[in-house]
Amino acid sequence: MTTGLRYVYAVCRPFGTPLQAQLRGVGGAPPALLHHHGLVAVVSTVPEADFCEEALKAHLEDLDWLAATARAHQGVVDALTTVTTPLPLRLATVFRDDSAVRMMIEAREEDFGRLLDRLHGRVEWGVKVYLEPEPAEPEPAEAARPASGRDYLRRRRLESHAQEEKWQRAERFAHSLHERLAERAEDFRMHPPQNSALSETPGRNVLNAAYLVSRAHSEEFVELVDRTKDEAPGIRVELTGPWAAYSFSGEASGAEPVVGSGEGR
């Protein structure tokens, strides 16, 4: 008999294509399919010592553990995205046993079915726009230093004004790009701009958006983004995906686990 807790990655419809034989999930455990009421929970077994409520609270403060768990979780969801339309659940969503997972499916059966119908054949693409950082300028020579405090303040005002103009130009570009992409997408979500200090990504994030696009039109969507990458000097466009529709599966991610859960991605 299988022991341990049930870690749930996603819920989906039954599918015929097998997952990769070498696929491993959290803790190196292979994912399995738990069928119930015409739905499938993709699960693996994890040790209770690591995923009971108290242990999980401690682990979620451990950035290395969190990163490794998130990578394994993401790997399973990515594999599912190649063969079906998954509804990803929150990182570290665990249940006591298979019965508890089935109870969760029954409690959310209507929501899961509605979301899966809406997202069928669709994927998420992420688009970010950055204002590139200014190149570091060498320290001015003694002769180039401002002659007075007034000169210094005037130069700082000019620099600030130039930076504000660049930011406004980047915002106009991001707004124009978003309008073009939204026309090609079935839905979109605007996320808060990323903090460059936290993300360690160079530049100031102007646009951070997710777009729901049918697989059939994804190639056109990608080509549209690629064509914009050199439109505006000093502005960088980044495209990621295709992902499972994380940004459009919020209601599915709200499934309440019996043991505990933590936010992911």
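How many Å does helix α4 span between its end C-alpha atoms? Helix α4 covers residues 98–119 and spans only 26 Å. A straight helix of 22 residues would span 32 Å at 1.5 Å a residue. That expected span is 1.5 Å times one less than the number of residues. Helices here are DSSP runs of H or I, at least four residues, and strands are runs of E, at least two, numbered from the N terminus.

The model is predicted: local features need pLDDT of at least 70, side-chain atom pairs count only at pLDDT 80 or more, and totals for chains, interfaces and linings use all residues. Residues are numbered from 1 along each chain as its sequence is written, and side-chain values use heavy atoms, leaving out hydrogens and water.

Now look along α4. A kink of about 70° is centred on R108; the bend is the angle between axes fitted to the seven residues ending there and the seven starting there. At the start of α4, a side-chain oxygen of D97 comes to within 3.2 Å of the backbone nitrogen of S99. After α4 comes G121, with a positive phi near 75°.

Next, the interior. A nonpolar core is a set of buried Ala, Val, Leu, Ile, Met, Phe, Trp, Tyr and Cys residues joined through side-chain atoms within 4.5 Å. The largest has 24 residues, and V127, V129, L181, Y211 and F221 touch the most other members. Helix α5 gives the most to this core, with 6 residues.

Key:
A polar contact is a pair of N or O atoms within 3.5 Å; within protein, one must be able to donate a hydrogen and the other to accept it, and residues adjacent in sequence count only if both atoms are side-chain atoms. Buried means under 20% relative accessible area, exposed over 50%, partly exposed in between (1.4 Å probe, protein chains only).
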